[in-house]
Amino acid sequence: MKPLILATAFLSVFAFISCTGSSKKGQMEKYTPNTYEASRNKTNPKPKAGADTVLIQQMKFVPEVLYANIGDTITFINKDFVKHDVTEEKSRSWSSSVMNYGDTWRMVVSKSEDYFCSLHVVMKGKIITKQMAYENI
């Protein structure tokens with residue numbers, strides 16, 4: 001009898017968490033019309049040219065390496081429950097402000113650059129301009 005009661009209680013808690021946890025995620029979807037997630041989802045339209053998205057989730061930049069054209073706009077979206085920022089790694093020539101869950105920050109690509117989260121220095125990403133990628137072939 002006790003195992004049955006414990007199993008029922010566990011399933012009830014799991015169902016409650018699953019239902020309540022989706023409300024925050026649903027709010028974020030409005031910010032991601034052309035995201036990495038959308039490009040993997042065949043039901044969503046193809047992302048617009050010149051616009052890219054990097055998600056910040058699970059203490060990572062996704063995708064970690066982004067191939068973009070000079071002049072493209074990259075939107076960074078924090079989907080992590082901890083604060084992050086996006087900072088150019090070599091000289092810190094640019095940086096976002098601290099981003100809370102759901103915050104976005106945009107930048108225009110001017111060259112290939114490495115970036116990181118200055119709050120969590122193990123989080124790193126890279127922008128490679130497509131022109132640079134072709135030169136390295």
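How many salt bridges does a search of the whole structure find? Keep that one in mind; point 5 has the answer. Here are my notes, in the order I would look at things.

1. **What you are looking at.** This is a predicted model, in which local features need pLDDT of at least 70, side-chain atom pairs count only at pLDDT 80 or more, and totals for chains, interfaces and linings use all residues. Residues are numbered from 1 along each chain as its sequence is written, and side-chain values use heavy atoms, with hydrogens and water left out.

2. **The core.** Start in the middle of things, with the largest nonpolar core, which has 17 residues. (A nonpolar core is a set of buried Ala, Val, Leu, Ile, Met, Phe, Trp, Tyr and Cys residues joined through side-chain atoms within 4.5 Å.) "Buried" here means under 20% relative accessible area, "exposed" means over 50%, and "partly exposed" is in between, using a 1.4 Å probe and protein chains only. Phe61, Ile74, Phe76, Val86 and Tyr115 have the most contacts inside this core. Two or more residues each come from β1 (51–57), β3 (65–68), β4 (73–78), β6 (104–108), β7 (113–117) and β8 (120–129). Those strand labels are DSSP runs numbered from the N terminus: E for strands, at least two residues, while helices would be H or I, at least four. As background, in soluble globular proteins, nonpolar side chains tend to be buried together.

3. Val86 counts as buried because its relative accessibility is 0%. Setting aside neighbours within four places in sequence, Val86 is in contact (heavy atoms within 4.5 Å) with Ile56, Phe61, Phe76, Trp94, Ser95, Ser96, Met99, Trp105, Tyr115 and Phe116. From Val86 to Met99 you go 13 residues along the sequence, and the C-alpha atoms are 8.7 Å apart in space. Then try Phe61: not counting residues up to four places away in sequence, Phe61 touches residues including Val54, Leu55, Ile56, Val86, Tyr115 and Met123.

4. **The sheet.** Next, find the open sheet of 4 strands, in the order β2-β1-β4-β6 with mixed pairing. β2 (60–62) and β6 are the edge strands, each with a single partner, so one side of each has no neighbour in the sheet. On average, neighbouring strands of this sheet are turned by 25° against each other, direction ignored; the axes are lines fitted to C-alpha atoms, for helices over the stretch in contact, and angles run from 0 to 180 degrees between N-to-C directions. β1 and β2 pair in the antiparallel sense over 3 bridges, where pairing requires at least two DSSP bridges between the strands. Gln57 has Lys60 in β2 as its bridge partner.

5. **Salt bridges.** Back to the opening question: the search finds 2 salt bridges. (The rule is a side-chain nitrogen of Lys or Arg within 4 Å of a carboxyl oxygen of Asp or Glu.) One joins Lys124 to Glu89, with the closest N and O atoms 2.6 Å apart. That pair links distant parts of the chain, 35 residues apart: Lys124 sits in strand β8 and Glu89 in the loop between β5 and β6. Lys124 is partly exposed at 39% relative accessible area, and Glu89 is partly exposed at 25%. There is also a salt bridge between the side chains of Lys126 and Asp114, at 3.4 Å from N to O. Lys126 is in strand β8 and Asp114 in strand β7, so this pair ties together parts 12 residues apart in sequence.

6. **Aromatic rings.** The count comes to 6 aromatic pairs. (Rings of Phe, Tyr and Trp, with the six-membered ring for Trp, pair if their centres lie within 6.5 Å; planes under 30 degrees apart are stacked, over 60 edge-to-face, and the rest tilted.) Phe76 and Trp105 have ring centres 5.8 Å apart and planes at 35°, so they are tilted. Trp94 and Trp105 have ring centres 5.7 Å apart and planes at 25°, so they are stacked. Ring pairs link Phe61, Phe76, Trp94, Trp105 and Tyr115 into a cluster.

7. **One last stop.** Ser110 is in the loop between β6 and β7, and is partly exposed at 48% relative accessible area. Ser110 and Ile70 are 40 residues apart along the chain, with their C-alpha atoms separated by 5.1 Å.
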